[in-house]
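Please have the structure open as you read.

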Amino acid sequence: MLNVSVRPQPAAVAAVSALAATAGKTSSDEILVEQIAAGSKPAMQALFARHRTYVYRWLLRFVSNETLAEDLLSEVFLDVWRQAGRFRYRSSVSTWLMSIARHKALSARRRRTEGAELDEKIEATIADPANDPELALQEKDRGELVRRALMRLSPEHREVIDLVYYHEKSVDEVAHILDVPPATVKTRMFYARKKLGELVKGAEKVRC
């Protein structure tokens with residue numbers, strides 16, 4: 001089992017620094033993958049140190065469980081270790097990582113006990129501002145309202161918003177991660193932003 005940790009190791013930090021001194025920023029990820037394919041553990045540690053944070057945050061928003069997100073993070077980079085030799089550079093390394101992470105998160109969702117949908121559990125644990133005006137009045141941070149509204153979107157709409165705004169992925173990159181046409185990404189973005197705006201406005205009206 002590949003030993004990875006959410007916290008960076010000194011060796012990994014040193015490896016990243018050494019790589020930066022010898023390679024350009026745009027090509028360093030690909031160089032690391034080539035070295036990983038050749039069995040380089042320092043390269044594996046360096047890639048993990050560079051990308052672990054945003055992959056972990058993506059997984060956490062997807063599964064809403066810190067322990068599970070950490071486990072899935074380890075699985076993602078274990079797959080990288082095993083599959084580096086099959087990476088064909090059709091996308092950026094970060095997009096490749098997000099594709100693996102999404103697959104892991106979807107698999108984890110399907111394994112949830114008693115076949116319950118993850119989003120149904122999320123909905124059950126989030127108070128509806130329309131049903132609790134006192135709670136809504138206490139929520140003065142609009143960012144919190146947006147976060148809560150985001151969790152109430154459908155899985156398809158939520159992941160598109162997450163990838164575009166939180167991870168700054170392009171439409172083409174999101175299409176690659178989700179394995180859908182770019183036009184589908186644009187359509188989902190349109191309806192996701194519309195629904196998100198409606199949810200936030202509704203929560204703000206209740207708060208006022």
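In α5, Thr 95, Met 98, Ser 99 and Arg 102 meet Glu 173, His 176, Ile 177 and Leu 178 in α10, where contact means heavy atoms within 4.5 Å. The residues of this α5 and α10 contact divide into 3 nonpolar, 3 polar and 2 charged; here Ala, Val, Leu, Ile, Met, Phe, Trp, Tyr, Cys and Pro count as nonpolar, Asp, Glu, Lys and Arg as charged, and the others, Gly among them, as polar. Helices are DSSP runs (H or I, at least four residues), numbered from the N terminus.

A word on the source: this is a predicted model, in which local features need pLDDT of at least 70 and side-chain atom pairs count only at pLDDT 80 or more, while totals for chains, interfaces and linings use all residues. Residues are numbered from 1 along each chain as its sequence is written, and side-chain values use heavy atoms, with hydrogens and water left out.

Axes are lines fitted to C-alpha atoms over the stretch in contact, and angles run from 0 to 180 degrees between N-to-C directions.

| Helix pair | Angle | Axis distance |
|---|---|---|
| α5 and α10 (residues 171-178) | about 35° | 8 Å |
| α3 and α5 | about 35° | 10 Å |
| α4 (residues 66-83) and α5 (residues 93-110) | about 130° | 9 Å |

α4 passes α5 in a right-handed crossing, meaning that the near helix is turned clockwise from the far one by less than a right angle. On the α4 side, the residues in contact include Leu 68, Leu 72 and Phe 77, and α5 contributes Trp 96, Leu 97 and Ile 100 among others. This contact of α4 with α5 has 11 nonpolar residues, 1 polar and 3 charged.

The α3 and α5 crossing is right-handed. Among the residues that meet are Tyr 54, Trp 58 and Phe 62 in α3, and Leu 97, Ala 101 and Arg 109 in α5. The contact of α3 with α5 divides into 13 nonpolar, 2 polar and 2 charged residues.

The structure holds 1 cavity of 30 Å³ or more; on a 1 Å grid over the protein atoms alone, a cavity is a set of points where a 1.4 Å probe fits but cannot get out, and lining residues have an atom within 4 Å of a point. The largest cavity has a volume of about 80 Å³, the space filled by probe spheres set on the points, with grid points joined across faces, edges and corners. Its lining includes Trp 58, Phe 62, Arg 109 and Met 151. The largest share of that lining, 4 residues, comes from α9.

Definitions and conventions
Helix = DSSP H or I, 4+ residues; strand = E, 2+ residues; numbered from the N terminus. 1 Å grid on protein atoms, 1.4 Å probe; cavity = no way out; pocket = protein on both sides within 12 Å on 5 of 7 lines; lining within 4 Å.
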